[in-house]
Amino acid sequence: MTERSTTRRTENAMDLILVGGLWLDGTAWDQVVPALAEHGCRGIPVTLPGQGDGAVRATLEDQVSAVLSAVDAVAAAGGRPWVVGHSAACTLAWIAADRRPEQVAGVVLIGGFPSADGEAYADFFPVVDGAMAFPGWEPFEGPDSADLDQAARDRLAAAAVPVPEGVSRGTVRLSDDRRHGIPVVLVCPEFSPADARAWIDAGDVPELASATSVEFVDIDSGHWPMFTRPAELARILADVAN
């Protein structure tokens, strides 16, 4: 496990599939996509079923299928994308690696870690009327939200999409050990690379403990760098893909 240098790798795909975490739709990447284009990369935001398309009965498998469809579209055009997952969606990116180990060039995990087989996807907050709403800022006080001013907090909260129960309480299924051979880059926002290494070494993240290539990149931001550090995040992602 190493920290990534700024030397670009030219043999990998230049397409990045962008998957936002809980309560976010595809517009979460609006500032990142044009910044990626400036680096010669194509960002492909995914609006997950149930998080922006009105599918209130969406399931975790529906979200997995949406990510896989994006992977398949790039593969059909002759590419091998990196799949970028943010927060809880780090698990979606990892499932894509499990389901498409020959088509995914690598996985970028931003501010989160993949769940293991058999675990609940994101059963973190109460479900009311079939959905897990954004719980307000209290659970995220501290490093998670320190770089968000009040206006940014208000915008994020207003745009937050309640996550269907079938997604948040869905069960993660992983079956292909080839996923452990796919390169992983862990972008560390509200925690440090040293923190992440310690958690992995302690066995708290078994999926990454079994991965053969995990690299770490620090970013000086809170939990939502696509909003607070979009240019820097784009530079990091471009460095990964090129």
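Which strands and helices cover the buried residues of helix 2? The views below take up this question and others in a predicted model.

**View 1. Helix 2 spans residues 60-76.** The helix has 17 residues. From its first C-alpha to its last it reaches 24 Å, close to the 24 Å expected at 1.5 Å a residue. After helix 2 comes Gly-78, which has a positive phi, near 95 degrees.

**View 2. Helix 2 has buried residues along one face.** Leu-60, Gln-63, Val-64, Val-67, Leu-68, Ala-70, Val-71 and Val-74 are buried. Seen down the helix axis, the buried residues of helix 2 fall within an arc of 150 degrees, so they line one face. An α-helix has 3.6 residues a turn, so residues three or four places apart point the same way.

**View 3. Strands and helices cover the buried residues of helix 2.** The cover includes strand 2 (15-19), strand 3 (42-46) and strand 4 (82-86). Helix 3 (90-99) and helix 5 are also part of the cover.

**View 4. Ser-175 lies in a loop.** This loop runs between helix 5 (165-168) and strand 8 (184-188). Ser-175 counts as exposed because its relative accessibility is 66%, over the 50% cut-off. The C-alpha atom of Ser-175 is separated by 14 Å from that of Pro-206, 31 residues apart along the chain.

**View 5. Confidence in the model is given by pLDDT.** The protein averages a pLDDT of 94, and 95% of the residues score at least 70. Over residues 4-13, the pLDDT is below 50. This stretch has 28 contacts in the model beyond near neighbours in sequence.

Conventions. Residues numbered from 1 in each chain as written. Predicted model: local features only at pLDDT ≥ 70, side-chain atom pairs only at ≥ 80, totals over all residues. Heavy atoms only, no water. Helix = DSSP H or I, 4+ residues; strand = E, 2+ residues; numbered from the N terminus. Buried < 20%, exposed > 50% of the residue type's maximum accessible area, 1.4 Å probe, protein only. Expected span 1.5 Å × (residues − 1). Arc of directions from axis to C-beta. Contact = heavy atoms within 4.5 Å. pLDDT = per-residue confidence, 0-100.
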